[in-house]
Amino acid sequence: MPMRSEPVTVNVGPQHPSTHGVFRLRITFDGEVILDAEPVFGYLHRGSEKLAEERTYTQVITLTDRLDYVASMTNNQAYVLACEKLAGVQPPERGMYLRVIAAELQRIASHLMATGFLLNDLGAFATPLMYCFRERERILDLFEMLCGARITLSYMRVGGVFQDAPEEFWPALRIFLGEMPHYIDEYERLLSENEILVTRTKGVSVLTVDQALNGSVTGPVLRATGFPWDLRKVDPYEVYGRVKFDVPLGRAGDNYDRFKIRIDEMRQSLRIVEQCVEQIEPGPVRADVPALVRPPVGDAYSRIEGPKGELGFYLVSDGSVAPYRFKIRSPSFINLTVLRDMLIGWKLADMIVTLGSIDINMGEVDR
Amino acid sequence: MAFLEGNALFRNLYCLLAGNSGNAQHCGRDGLLPAGWEWLAFALVGFAITFLLLSAFLLLTMFYTYLERRLLGRFQGRIGPNRAGPFGLLQPVADAIKLLTKESIVPQGADWLLYNLAPLMMVVVMFMVLAVIPFGKHTFIADLNVGVLFIIAVTSVNALAVFMAGIASGNRYALFGGMRAVAQLISYEVPMVLSIVGVLLLAGSLSLVEIVEAQVIPFFLLQPLGLFIFVVSASAEMNRPPFDQLEAESEIVAGYHTEYGGMKFGLFYLAEYAAVLTTSGVIATLFLDGWEGPLLPSHVWFLMKVFFLAFIFIWVRATLPRVRIDQTMAFAWKFLLPLGIINVFMTAAELLLFGHEEAGGQGIVLSTADLWLMSVVNFAVAVVGIGAFSRLVSLRTPALPVSAPKPSAAEVV
Amino acid sequence: MIRELPGEELARHVQVACPGAVERWEGLCLWVKPERVLEVCQTLKETPGMGFNLLNAISAVDYVEYFEVVYHLTSTAHLHSAVLKAKVYGREEPSLPSVVGLWLGADFQEREVWDLMGVKFLGHPNLKRILLWEGYPGHPLRRDYLEAPR
């Protein structure tokens, strides 16, 4: 006689240890198997888009810091690029190089967080997380030298960066570049040689190329399906056209690939930073832009390859000092579209890992 | 009076109290109480020893919680608790005071009786195991002739306590924890018991004291496979990583004790850490020659072995990610169980081959040379067995071809 | 490099498949009639040589007299991008067809536009508020939101 059972609906979050912030998933379980999942968010909604309409173009930079607060540099970069496209400003060479160095360091820091939290979600009681934070701390120290801040950086300005890197930055960066590959190898061993981790992540929550493209998924999640789409390569902005790097690709599009790809991308980011350090030459770091930028009437959509995917800003100007419309195309938010398809049929424990593998940041999802 | 033989602690205290009535061969002098009151002396001494051991054990557990947090700190490249008292040694005291002064809450949807009973049951069970563990030469509460059976029986009640807590809380995460508890704890009992059978065959007794005395060479040399299976299933039984499914912090918040606060949570916490020490004690007794060791006093040897094992459990906790629940179950049934059966049959066959009946009918005896030969054979079988099974039994999710559609919700149900 | 297709070239392609849908073009933008957005999008996605398989963003801008819904599209095969705009008039219940059927990625973005800007997407399977809660008064990204009744 079959046992009578009924599905159970559980609200995972907003108070849950591993939802990466105040994220909520309304999940229907049959035992431990997920039948249906519905993401619910907005708990961190601060109305950034509305706030920006009351601020000048420079003041909005501080708002972008608070979107994806573990990757402020790339947010800054995407925003100032949009402003420059709108206002027709060309930043000086040294400013662009500094921006790329800062953005790639930030990508490493963001991927470190993602990798550390994966292992935490897998239940490895904070040890790998602490190790990843150890290296992230050094990147934050470098940022502190650049601009005095560690998390909310506001380093970039329309037309460049707000100050040149100090003397002591370059030797510190070189030491970091020398030591980091060793640590990345360590993470790679931790990831690919741990049988439990491989058992838990290989073949789980597979996302196909078609599903990913149809769901507007970008960034490492898309590349993990094996689709080569990196805006730094297909649409080089700033100085990415002058540096050599590879685009790491996954094969199966499962949780394992999504994390492996982040480790590989850290290596490529180091390569980019190394080449930028070689190529950078003395000069001004900021174009001659007035304090109150007044772009001409019009609109511009600019996008970069952020650590989490395509980070775009759509700006509409009415000729005044404040943007008329400031729209954020946040990768975390849009990548969540496919979450439901990835979860159905898997188990409660996989749900946490899959969510972690998309690498969302609630500051960016809720804006 | 079997209790007075071999149990030095009990005998000395008893002789201090009891009159010299028929116990001359044990005491040889008068005690404090008049003759005829031996029953009172017996009861008082039993109570005193239990009290003594429990207090000592609680202190050890407190120290162990400190040690675990401190070592985890080291493993994770941080310092760990170092504020309360010298080197933070008073941290467990501070924690206990904090937990004791918290308000005791029973959630509205909870079953009052079961909710309050579950943590008590958990702790009592943990302490009952202490009754049969020999902490040193002649130091134990009772030397039951069914000691191993007693431990297995008593620790299985654990599953019931966890399930009670999970059901009674009226919380869905707790329910998940309870469901997992029933599945996991019962499954891992089987390989655990099987792994002990090898030891029992070698020792020819269920009494823990006799098992220690039977270890001519420590049993971990003779039972490497048994030790491996026992350690793995014991870490599943006491809910330690990588099998901490019952509370799985990143998945089901705190599992079965999600709704518990204050000292009721404290009791779960205590039971969990006490379990590590008692399990280490059982492993030390069964496989590491218990209290035996050169030079140092037997109690020191025993504690050293226990804390060495506890350290290994902490190490594992700091290192390994969690296994998924279905993989945990598959591991027990597909991997540990066959290995356990192989171990039992192998040990039995070796005893038949090498052993010879002693004249007194005391069971099978082996010479030391045979034992070493057995050790070599068993190590070889352990390595080959574990290697072969890890190749044969794959717990990985079978890879889907990239083009194939994912299973839809309807098909999975 | 991703080439930004000029509106004129887009209009040429669109006018073949859905005549009368194009309103005008200027620079890199193409304006289409709001009620025919789905049709135009389908053309852009399925016409060989266009193949816009990636929907980057759906934005809505409140120009007070009308709402402008902006679609940023990219073709990963041909490495070109397009900007498609639709003017939606009316402040009570502005609406246009949903493109969720073409790109699943429009799902959350259309819900967001509905939530914050109050533009309805007809045919969306689950058009609920996404960032704010059900029952929130008004749509806060509209320019006249401050004057809206609380």
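**Exercise 1. Confidence in chain A**

Find where confidence in chain A of this predicted model is lowest and where it is highest.

*Solution.* Confidence in chain A is lowest in strand 1, with a mean of 84. Strand 7 (residues 310-317) of chain A has the highest confidence, at 90. For chain A as a whole, the average pLDDT is 86, and 99% of the residues score at least 70.

**Exercise 2. The A-B interface**

Describe the interface of chain A and chain B by contacts, buried area and polar pairs.

*Solution.* 

Step 2, area. The size of an interface is often expressed as the accessible area lost when the parts come together. Chains A and B bury about 3700 Å² between them, and carbon and sulfur atoms account for 61% of it.

Step 3, salt bridges. Three salt bridges are counted between chain A and chain B. In a salt bridge of 3.8 Å, N to O, the side chain of A:Lys347 meets that of B:Asp326; the distance falls within the 4 Å cut-off.

Step 4, polar contacts. Ten residue pairs are in polar contact between chain A and chain B, both residues being at pLDDT 80 or more.

Step 5, elements. Several elements of chain A each supply at least two residues of the side that touches chain B, among them strand 1 (8-12), strand 3 (33-40), helix 4 (93-121) and helix 14 (348-358). Helix 7 of chain A gives the largest share, six residues.

Step 6, classes. The side of chain A that touches chain B divides into 25 nonpolar, 15 polar and nine charged residues.

**Exercise 3. The A-C interface**

Describe the interface of chain A and chain C by the corresponding quantities.

*Solution.* 

Step 1, contacts. Chain A has 39 residues in contact with 44 residues of chain C.

Step 2, area. Between them, chain A and chain C bury about 3400 Å², of which 56% is on carbon and sulfur atoms.

Step 3, salt bridges. The count between chain A and chain C is six. A:Lys85 and C:Glu4 form a salt bridge, with their closest N and O atoms 3.4 Å apart.

Step 4, polar contacts. Chain A and chain C have 20 residue pairs in polar contact, with both residues at pLDDT 80 or more.

Step 5, classes. The side of chain A that touches chain C has 17 nonpolar, seven polar and 15 charged residues.

How values were computed. Residues are numbered from 1 along each chain as its sequence is written. Chains are lettered from A and ligands numbered from 1 in the order in which they are written. Side-chain values use heavy atoms; hydrogens and water are left out. Contact means heavy atoms within 4.5 Å. Buried area is the accessible area (1.4 Å probe) that two parts lose on being put together, summed over both. A polar contact is a pair of N or O atoms within 3.5 Å; within protein, one must be able to donate a hydrogen and the other to accept it, and residues adjacent in sequence count only if both atoms are side-chain atoms. Helices (H or I, at least four residues) and strands (E, at least two) are DSSP runs, numbered from the N terminus. Ala, Val, Leu, Ile, Met, Phe, Trp, Tyr, Cys and Pro count as nonpolar, Asp, Glu, Lys and Arg as charged, and the others, Gly among them, as polar. pLDDT is the predictor's confidence in each residue, from 0 to 100.
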